[in-house]
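Please keep the sequence and the model in view while reading.

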Amino acid sequence: MINTLKLKAAIVEAGYTQQTLAQKLKMSPNTLSFKITGKTNFDIEEATQICEILGINDGAKKAAIFLQ
């Protein structure tokens, strides 16, 4: 299960909005919103791409966001 608050904070800290992140991921803002809120799941490739885009390199931080 994803930690929604930590992911939203990471998005803001990196200077993105959900809409701009969705564009970078080549998905609709609605799809990203559903994934962030846990209505659908991120696959490993999407989680990896998000970490790369947001500059999240620390394994503990990745786990705190995506493995809660």
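Thr20 is found in helix H2. In this predicted model, a polar atom of the Thr20 side chain lies 2.8 Å from the backbone nitrogen of Thr17.

Leaving out residues up to four places away in sequence, Lys24 touches Tyr16, Gln49 and Ile53. Ile65 stands 41 residues from Lys24 along the chain, and the C-alpha atoms of the two are separated by 19 Å.

**Loop residues**

Ala14 is located in the loop between H1 and H2, and Lys26 in the loop between H2 and H3. Ala14 is partly exposed at a relative accessible area of 31%, whereas Lys26 is exposed at 77% relative accessibility. These two residues, Ala14 and Lys26, are 12 residues apart in sequence, and their C-alpha atoms are 18 Å apart in space. The backbone of Lys26 deserves attention. Most residues other than glycine have a negative phi. Lys26, which is not a glycine, has a positive phi of about 60 degrees.

The accessibility of the residues discussed individually is set out below.

| Residue | Relative accessibility | Class |
|---|---|---|
| Ala14 | 31% | partly exposed |
| Lys26 | 77% | exposed |
| Lys35 | 10% | buried |

**A buried lysine**

Lys35 is part of helix H3. Its relative accessibility is 10%, and Lys35 therefore counts as buried, the limit being under 20%. The side chain of Lys35 reaches the backbone oxygen of Asn41 at a distance of 2.9 Å. Not counting residues up to four places away in sequence, Lys35 touches Ile2, Met27, Thr40, Asn41, Phe42 and Glu46.

**The largest pocket**

Lys35 is also one of the residues that line the largest pocket. Rolling a probe the size of a water molecule over the atoms shows where empty space is left. The space in the largest pocket amounts to about 180 Å³. Besides Lys35, its lining consists of Met1, Ile2, Gly38, Thr40, Asn41, Phe42, Asp43, Ala47 and Phe66. By type, the lining residues comprise five nonpolar, three polar and two charged.

**The largest nonpolar core**

Which residues of the largest nonpolar core touch the most other members? The core has 19 residues, and those with the most such partners are Leu7, Leu32, Phe42, Leu54 and Phe66. At least two residues of this core come from each of the helices H1 (4-13), H2 (18-25), H3 (29-36), H4 (44-54) and H5 (59-66). H4 provides the largest share, with five residues.

Leu54 is in contact with Leu7, Ala10, Ile11, Ala14, Tyr16 and Leu21, when its neighbours within four places in sequence are set aside. Among these partners is Ala14, the loop residue between H1 and H2 described above.

Technical notes
Residues are numbered from 1 along each chain as its sequence is written. This is a predicted model: local features need pLDDT of at least 70, side-chain atom pairs count only at pLDDT 80 or more; totals for chains, interfaces and linings use all residues. Side-chain values use heavy atoms; hydrogens and water are left out. On a 1 Å grid over the protein atoms alone, a cavity is a set of points where a 1.4 Å probe fits but cannot get out, and a pocket is an open set with protein on both sides within 12 Å along at least five of seven lines; lining residues have an atom within 4 Å of a point. Grid points are joined across faces, edges and corners, and a volume is the space filled by probe spheres set on the points. Ala, Val, Leu, Ile, Met, Phe, Trp, Tyr, Cys and Pro count as nonpolar, Asp, Glu, Lys and Arg as charged, and the others, Gly among them, as polar. A nonpolar core is a set of buried Ala, Val, Leu, Ile, Met, Phe, Trp, Tyr and Cys residues joined through side-chain atoms within 4.5 Å. Buried means under 20% relative accessible area, exposed over 50%, partly exposed in between (1.4 Å probe, protein chains only). Helices (H or I, at least four residues) and strands (E, at least two) are DSSP runs, numbered from the N terminus. Contact means heavy atoms within 4.5 Å. A polar contact is a pair of N or O atoms within 3.5 Å; within protein, one must be able to donate a hydrogen and the other to accept it, and residues adjacent in sequence count only if both atoms are side-chain atoms.
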